[in-house]
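Me: I've got a new structure to look at and I'd like to talk it through. Can you help me find my way around?

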Amino acid sequence: MSFELENTVPWGRTLAEYKSMFNLGECDLSKRIISFGDGPASFNSEMNMLGKKVTSLDPIYQFSKEELRQRIDETKDIVMDQMTENKDNFIWTTIKGLSELEQLRMGAMSNFLADYEIGLNENRYLMHELPESTNFKAQNFDLGLSSHFLLLYSKLGLDFHIKSISEMLRVCKEIRIFPILNLNAEPSELLPKIEKVFKKDFELNIEPVNYEFQKDGNKMLRIQRR
Ligand SMILES: C[S@@+](CC[C@H](N)C(=O)[O-])C[C@H]1O[C@@H](n2cnc3c(N)ncnc32)[C@H](O)[C@@H]1O
């Protein structure tokens, strides 16, 4: 099935948010990092400005800068209306309110757009749709990330998650997934089943992080080779 831009709602986070969602210390930032479902986040662009290379994968990278800009403009108000409606499900301490949230997200996506064509040329943004395999060799990366995709979209199902996580673990020595809640802000129902499948060959840990925007959403899943 082809990936339709009109079915996507682009929404991107910043490097500061990635650092706190994934407990990324200075040492982590110098690792070979790949980020799955990275979308219009400014993580890659901000890391690149610091002289650090991230490889970002997402199906939206098949579209042009203009197409992505248009889609961001079309959907911004829809997302902000939904956030207003569900305001009580979130914690407004770091991000102080809806207008700060809008500024933060639009700023991140504008950084992404400014970097997008350069990053495509440098192969920092690669079109890829999970759970498809990538062309990378085994353990090509130290660290693989999934922010606000796996576990959050639990409706994609267990099989999708097992295949996706298996591919991430093939190309990475370690992966981190944030959040571990689903879209209803409940603990992802897939987590116990995923733990069961991978615990035989990998070490799985659920770790607290400093980032909490979804209520009770301050935990990430880390999976490492034994
Ligand atoms: C909520 S956004 C998160 C973007 C970014 N990671 C962040 O936290 O700011 C979810 C992303 O998952 C991407 N996505 C959707 N289906 C995907 C798939 N099958 N494989 C990989 N990414 C996918 C979307 O295009 C979108 O960019």
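This is a predicted model: local features need pLDDT of at least 70, side-chain atom pairs count only at pLDDT 80 or more; totals for chains, interfaces and linings use all residues.

Me: How far is the sulfur of Cys27 from the closest cysteine sulfur?

Reply: The closest one belongs to Cys172, and the two sulfurs are 16 Å apart, so they are too far from each other for a bond. A disulfide needs the sulfur atoms within 2.5 Å.

Me: How many disulfides turn up in the whole structure, then?

Reply: The search finds 0 disulfides. Cys172 is in none, with the sulfur of Cys27 as its nearest cysteine sulfur, 16 Å away.

Me: Is Cys172 buried or exposed?

Reply: Cys172 is buried, at a relative accessible area of 0%.

Me: Switching to rings. How many aromatic pairs does the structure hold?

Reply: There are 16 aromatic pairs. One of them joins Trp92 and Phe213: the ring centres are 5.1 Å apart and the planes stand at 90°, so this pair is edge-to-face.

Me: Where do Trp92 and Phe213 lie?

Reply: Both are in loops. Trp92 is in the loop between α4 (65-85) and α5 (98-121), and Phe213 is in the loop between β6 (202-208) and β7 (219-225). The pair therefore ties together parts that are 121 residues apart in sequence.

Me: Is Trp92 buried or exposed? And what about Phe213?

Reply: Trp92 counts as buried, since its relative accessibility is 18% and the cut-off for buried is under 20%. Phe213 is buried too, with a relative accessible area of 9%.

Me: Which other pair is edge-to-face?

Reply: Phe136 and Phe141 make an edge-to-face pair, with 4.9 Å from centre to centre and 85° between the planes. Phe141 is buried, at a relative accessible area of 5%.

Me: What lies over the face of Trp92?

Reply: Lys87 does, at 5.6 Å from the ring centre.

Me: Which residues form an aromatic cluster?

Reply: Tyr61, Phe112, Tyr116 and Tyr125 form one.

Me: OK, the ligand. Which residues come nearest to the ligand?

Reply: There are 19 residues around the ligand, and the ones that come nearest are Arg13, Gly37, Asp58, Leu130 and Ser147.

Me: What do the nitrogen atoms of the ligand have around them, say from Gly37 or Leu130?

Reply: A polar backbone atom of Gly37 is 2.8 Å from a ligand nitrogen. For Leu130, a backbone N or O atom also lies 2.8 Å from a nitrogen atom of the ligand.

Me: How much of the ligand's area does the protein bury?

Reply: The protein buries 89% of the 590 Å² that the ligand exposes when taken alone.

Me: Back to Leu130. What is the peptide bond from Leu130 to Pro131, cis or trans?

Reply: That bond is cis, with omega near 5°. Pro131 is in the loop between β3 (125-127) and β4 (141-147).

Me: And the peptide bond from Phe178 to Pro179, cis or trans?

Reply: That bond is cis, with omega near -5°. Pro179 sits in the loop between β5 (172-178) and α7 (191-198).

Me: Now backbone angles. What is phi of Asn23?

Reply: Phi of Asn23 is near 50°, which is positive in a residue other than glycine. Asn23 is in the loop between α1 (15-21) and α2 (26-29), and at 31% relative accessibility this residue counts as partly exposed.

Me: What about phi of Asn123?

Reply: Asn123 has a positive phi of about 60°, and this residue is not a glycine either. Its place is in the loop between α5 and β3, where it counts as partly exposed at 45% relative accessibility.

Me: Last one: where is Ser133, and how far is Ser133 from Val197?

Reply: Ser133 is in the loop between β3 and β4, and it is exposed, with a relative accessible area of 55%. Ser133 and Val197 are 64 residues apart in sequence, and their C-alpha atoms are 19 Å apart in space.

Note on methods:
Residues are numbered from 1 along each chain as its sequence is written. Side-chain values use heavy atoms; hydrogens and water are left out. Rings of Phe, Tyr and Trp (its six-membered ring) pair if their centres lie within 6.5 Å; planes under 30 degrees apart count as stacked, over 60 as edge-to-face and the rest as tilted. Helices (H or I, at least four residues) and strands (E, at least two) are DSSP runs, numbered from the N terminus. Buried means under 20% relative accessible area, exposed over 50%, partly exposed in between (1.4 Å probe, protein chains only). A charge sits over a ring if NZ of Lys or CZ of Arg is within 6 Å of the ring centre and within 35 degrees of the ring normal. A residue is near a molecule or strand if one of its heavy atoms lies within 4 Å of it. A polar contact is a pair of N or O atoms within 3.5 Å; within protein, one must be able to donate a hydrogen and the other to accept it, and residues adjacent in sequence count only if both atoms are side-chain atoms. Accessible areas come from the Shrake-Rupley method with a 1.4 Å probe; for residues, only the protein chains shown count as cover.
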